[in-house]
Amino acid sequence: LANAGAPHFPFPYKPYPIQEQFMQALYGALEHGKVGIFESPTGTGKSLSLICGALSWLRDHEEKRRQEADRLLQGDGGTSLSISSSLSTTTSSTPPSSSAEPDWITDFVQKKAERDFVSKLKVVEYKCVYVVCGGWGGVFEYRVFQFDNIMTTLPQLDRFCGGDDEDDLVEEHVTKIYYCSRTHSQLAQFIHEVQKSPFSPDISLVPLGSRQNMCVNEEVRRLGSVQRINDRCMEMQKNKHDQRPKEVEGGKRKRGVSKAVCPYVGAQGLQTLRDAVLGAVRDIEQLLSLARETRSCPYYATRLAIPPAQLVVLPYQTVLHEGTRRASGVQLKGQVLIIDEAHNLSDVLSCIHSSELTGAQLCRAHSQLAQYSERYRSRLKAKNLMYIKQILFVVEGLVRVLGGKCKVGQNPHMTFPSLCLPATELLTINNFLFKAQIDNINLFKVTTTTTRSQPQPTDCLTETLSLFPSLSPVESPSGQQGAAEDRELAASPMMQVEGFFMALTNTNTDGRVVLQTQGSVAVSSMKFLLLNPAVHFSQVLKDCRAVIFAGGTMQPVSDFKQELLFSAGVEAERIIEFSCGHVIPPENILPIVLCSGPSGQELEFTFQNRDTPRMMEETGRVLSNLCNVVPGGVVCFFPSYDYSRRILEHWEASGVLARLSSKKKIFQEPKKANQVEKVLNEFSRTIQRCAVDGGTLSGALLFSVVGGKMSEGINFSDDLGRCIVMVGMPYPNIKSPELKEKMAYLDKNLPHSGGRSPGQALIENLCMKAVNQSIGRAIRHREDYACIVLCDRRYSRPATLAKLPDWIRAHTHTHTSFGPAFAGLRRVIHTHTCNG
C-alpha cells in the first residue's frame, strides 16, 4: 500500500494488516471486473473492510470519470467550455437562416443543436446536479452536468424538462454498489458500520426492505403476514387510481363508491422523503421514524431514490429473484454487487426459485377464478376469457394429479375419497406435465398473462388477479370466516399458483416435481425443486461489472465454484479467492479433534452406534470434564433435534444432567424462534452472575443444534462461549428424495474429481459448512479466546480437516486419547484465567 499509485483507504482507525490486504484485494477485484470469493473471520472487521475498500474504489472510479469529462470539455487553449458557449458555437456554425426561412425551421435547428450537445455530455458522467421538473402528476428529476456557468444554463435546459419530451426524463442510474445480506438485522448492522466510516458524510445510501418491514400504515401492518400486507398495499394503490367519475342515467356524472387509499403515498411527500434518504445515512428503523413524522411511505420513497444512490443496501431476495429485481427498480447492468453471508447462496437461490402448492390452495384459486369469470363474463374481453379458461384448465389438471376434482364453491377442507396410502413421487417436469395432461398448454404464455408486473392491466389478466385479495366474505370459497387458517389460505392463492406456473417453465433437466399425496386433496401437495441454481444466477453474473461473495466462513468453496460459477459460464480466469487469518494471537484458540473419551471409548457418531448407551455415556463424561475446568459459557452442538432429544432424555435418566447442572446451569435451544432472545439473555445473565458471585456454579451450558436457531447469526463472544463442543458430524439425511435427486443431478452434470463423485462431495460439504458456521460463533474480537472440541474421530481425516477454515485448521490438534487433549485445554484456560 505504500507504493506510489497505490489506492488510499480512509479508515476510522489504523487498520490491521489483514484488513489492508482485504481492501487491496477487493479494490483490485472491482477495478478489473472480477468475481471474488472473500473469506474473513468474524471479529476481523470484515464489514468495515468491505465498506472502505469498495467505496474507495467507487470514489476513484468517479474521479477518473470526472477527469475524462474534463478532457472532453477542454477547448482550444485549455479553457473549459460551458454549455451555453458550446451551444452558441454549435449554432453559429450552422448557416444563417435567410429572411425567407420560416421561424419554425430556425427553432428546429437551434433545438436540435442543443439536444445533440446535451446527448454528448451524457456520454461521460460529470458531477451531477438535479433539476426538478414537472412530470406525470408529480415530480421528476432530470440529471445534468455541473459547470462554472451552470446558472446561465438552467433556463436553456428548462425546455428539455417538460412538454413533449417527457419520455426522455427517465433518470439514469449512477455507478453504484449493491450490498445484500440475509437478514434485516445484518443489513442494519452494516448500515451502522457505514455511519461509523469516514465515508458517512458524503455517501448517498438507500436501504431497501419488504413492505412488512417498511410499511408505516398501522392499518396495513396489523395484517401481519407478508402476503396480506402486499395484497392490501397493492389494492390501496389500485383504489387511488380508480376514483374516477362514472356515468349514470340522465347524463349526469357521479363519483363511484369511495375506496380506501393509503394516506402515506403522495407525490410531494414521497419526493421530500426521497431527498431525505439521499441526504443522510439512515438504517430502516431511523427511516421509519422519519417517515412517520413526514407521513410518507418509505417503501416507495426508497425505490424512487435508487437511481442517484451510490450504495444500495437490500435483502437477498430482492437481488436474486429477477421479477423482484425488476419490480424494485434494481438495475445491475455495469454495477457492483456484494453478497455478504454468501456461504449458503446456492441453497438460497434454490429456495427462492422453488415453489410449493397445496390442494387447498389450488381449489381456492380455481373457485375464485371461476366465480370471477362467471360474474363478469359480460364485461370481459374474449381474449381475457380465453386466458381464464386456460388457467382454469391447468389448475384442474394439477388438482387431478392429487386425486381430486374442482367444483365452483367447494370447500377445500372437505375429505375427498381416501387415496391408497400417503406416498411421495418424484417426477421430471415433462413427466409431471404429461401426468397432469397439460403438456399442450404454453405455460410461458400463461405465466406472462398472470404476472402482476405486466404494464397493461386493462388489457390482460393482471387486473383480474388483483381483485382476488378483496373478495367479499360471501365470495370466500370456504365459507368459514372464523378460522385463522382459512383467512391465511384465502390470501391471494393465485400468487402461489402463479409462482408454480413460473417454476414449471424451467428446463426439464434443471428441476423436479415432488408429489406428496395424503388422505385428502386438501392436505396433499406438490413442490418444484430447483436443481440448478446457476440458471437463475447467470444473468446477474453477466450484467454486473463485478460480483463479490463475502463471508466469515466460506469453506469449502470447491462446490460453490463448480455449482454456481462454472455452471453459470464464469471462466476460471475471472474468479479470485481471498482468505485471511484472524486478528487473534495463536494462543487464543485451541481447536481439538477428540478421537476417544475419558474411558477410552472411541468417538464415532455414526448412525449405527450413536444411540448406544455407551456412546451417550461417554459423551456425558466428556462434557462433565470440560464443564469442570472451563469458566463461563459452554455451547454444545448436536447434529439434529431428534438426536438432541434422545441423548438428553438418556442423560436425565442416567444422572448425567444432574452432574452437569452441579457445575453449569443448563439451557436448551427453544423450539420457537421468538423465544431465542429470551433464552440468550438469561444465558448471558447467568454467566455474568456466576462470575461475580463465585459460588458453586461456574457458568452455563447451552445445548443447541447444528443448523438450528443458534448456529448462525448469534455471537457467543468472551465468557458466553469459552468452549464450543461439536458432537458428531451433522451429515444431512441421504434418504431424503430431494437430496438423492440433487446428488444424482450433480453426478450426471458435474465433473468427477478427487476420487469422489460430485454427489458424495455435496454431502461432505453440506456437513462441513454447517460445522464451520457453528464453531464460528465463538472468538468475535482480537482479545477473545476459546477452545473448540470436535468430538468424532472422523474429523481427523485429511480431506475433512481441509474443509475447516484456514485460521482454525492451522492450529488444530488431533488427539487419539482424552488425557493429552484435556491437559492442553486446561493449560490454555489456566493461562488466560491467570492473565485475566
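1. Two strands count as paired when DSSP finds at least two bridges between them. With that in mind, look at β20 (residues 723-727) and β21 (residues 786-791) in this predicted model: the two strands run parallel and are joined by five bridges.

2. β20 and β21 belong to an open sheet of seven strands, ordered β18-β19-β17-β20-β21-β16-β22, with parallel pairing. At the edges sit β18 (664-668) and β22 (813-815), each pairing on one side only. On average, neighbouring strands are turned by 20° against each other, direction ignored.

3. Do take a look at helix α25 (residues 613-629), which packs on this sheet. The helix touches β16 (589-594), β17 (632-638), β18, β19 (699-705), β20 and β21, and its direction makes about 175° with that of β20.

4. Turning to the nonpolar cores, the largest has 59 residues. Leu 320, Ile 339, Phe 537 and Phe 549 have the most contacts inside it. Helix α11 (residues 284-294) gives the largest share of this core, five residues. Beyond its neighbours within four places in sequence, Phe 549 is in contact with several residues, including Val 35, Phe 38, Ile 339, Phe 537, Met 554 and Leu 565.

5. One for your pocket list: the second largest pocket has a volume of about 1700 Å³. Its lining counts 45 residues, and Tyr 731, Pro 732, Asn 733, Leu 739 and Leu 766 lie nearest its centre. Helix α30 (758-775) gives the most to this lining, with eight residues. Among the other elements that supply at least two residues are α15 (345-352), β13 (525-530) and α29 (737-749).

Notes:
Residues are numbered from 1 along each chain as its sequence is written. This is a predicted model: local features need pLDDT of at least 70, side-chain atom pairs count only at pLDDT 80 or more; totals for chains, interfaces and linings use all residues. Side-chain values use heavy atoms; hydrogens and water are left out. A nonpolar core is a set of buried Ala, Val, Leu, Ile, Met, Phe, Trp, Tyr and Cys residues joined through side-chain atoms within 4.5 Å. Buried means under 20% relative accessible area, exposed over 50%, partly exposed in between (1.4 Å probe, protein chains only). Helices (H or I, at least four residues) and strands (E, at least two) are DSSP runs, numbered from the N terminus. Contact means heavy atoms within 4.5 Å. Axes are lines fitted to C-alpha atoms, for helices over the stretch in contact, and angles run from 0 to 180 degrees between N-to-C directions. On a 1 Å grid over the protein atoms alone, a cavity is a set of points where a 1.4 Å probe fits but cannot get out, and a pocket is an open set with protein on both sides within 12 Å along at least five of seven lines; lining residues have an atom within 4 Å of a point. Grid points are joined across faces, edges and corners, and a volume is the space filled by probe spheres set on the points.
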